[in-house]
Amino acid sequence: FSTIYGNNQVMIGRCNFIIDGIAKIDTIEAKKFSKEDSASINLAVGDAYYFRAMSLFNLAQCFCADYNESTASDANSGVSYTLKYSPSSTSSTYPARKTLKETYAQILSDLNEAASRITTKPAISSAYITVDCITALRARIALAMHDYKSAATLAVALINKHNYDLAQGKAGLQEMWLNDGGT
């Protein structure tokens, strides 16, 4: 479990490094970038927000109680994280745990920021974060928050695009999970 925790915290730190670093560049050098470079930079920041949201969600799923609106505001019920790049090996500088409500609010805020920057079109087995990746993660988050109506709406929207075949039966699941099969 320490590996899962550590890897997700490292990812959050790397995302913060990208978000903070590019913000500094943008304020100093913004007028020197071509349109293509600016688009690439914007996409990289969108990817960083997506991965930070996903890492926070992974931590919440593994290290927090199940989301319950009546207890989501309880102290220390969420994840410990920072939104600024400030590496330290001194445990006294580590942030306290947020509430679960704050944690999920940050996850959704990061996804909104990612959605405003990521325009990559859906593609099967894409090596890049696409708009459908954002929708799929939103569906998983809604499911975890017991917002079943939103989870179903988001999932059905992806299914109805007919971009991704659903695995059919035992053989289809084995092909997908054992052999990276499917389309």
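**Entry 1: a buried pair.** I began with Asp110 and Arg52, and both are buried. This is a predicted model, so I read every value as computed. The side chains of these two residues meet in a salt bridge, with N to O at 2.7 Å. I then looked up where the partners sit. Asp110 belongs to helix H3 (residues 100–117), and Arg52 belongs to helix H2 (residues 35–63). They are 58 residues apart, so I noted the pair as a link between distant parts of the chain.

**Entry 2: the count.** I asked how many salt bridges the structure holds. I found five. I followed up two others below.

Entry 3: Next I checked Arg117 and Glu113. Their side chains form a salt bridge at 2.8 Å, N to O. Both residues lie in helix H3, four residues apart, which is about one turn of the helix. I recalled the general rule: an α-helix has 3.6 residues a turn, so residues three or four places apart point the same way. The cut-off I used for buried is under 20%.

Entry 4: I moved on to Asp132 and Lys161. Their closest N and O atoms are 2.5 Å apart, and they form a salt bridge. I compared their cover. Asp132 is buried, because its relative accessible area is 4%. Lys161 reaches 40%, so I listed it as partly exposed.

**Entry 5: the length of H5.** Does the span of H5 agree or disagree with its residue count? Helix H5 covers residues 148–160, which makes 13 residues.

**Entry 6: a surface patch.** Last, I looked for nonpolar surface. Which residues make the nonpolar patch? I found Phe17, Ile18 and Tyr85, and the patch is about 290 Å². I placed Phe17 in helix H1 (residues 2–29).

Terms used
Residues are numbered from 1 along each chain as its sequence is written. This is a predicted model: local features need pLDDT of at least 70, side-chain atom pairs count only at pLDDT 80 or more; totals for chains, interfaces and linings use all residues. Side-chain values use heavy atoms; hydrogens and water are left out. Helices (H or I, at least four residues) and strands (E, at least two) are DSSP runs, numbered from the N terminus. The expected span of a helix is 1.5 Å times one less than its number of residues. A salt bridge is a side-chain nitrogen of Lys or Arg within 4 Å of a carboxyl oxygen of Asp or Glu. Buried means under 20% relative accessible area, exposed over 50%, partly exposed in between (1.4 Å probe, protein chains only). Patches are made of residues with over 30% relative accessible area and no salt bridge: like charges are joined within 9 Å, nonpolar side chains (Val, Leu, Ile, Met, Phe, Trp, Tyr) within 5 Å. Accessible areas come from the Shrake-Rupley method with a 1.4 Å probe; for residues, only the protein chains shown count as cover.
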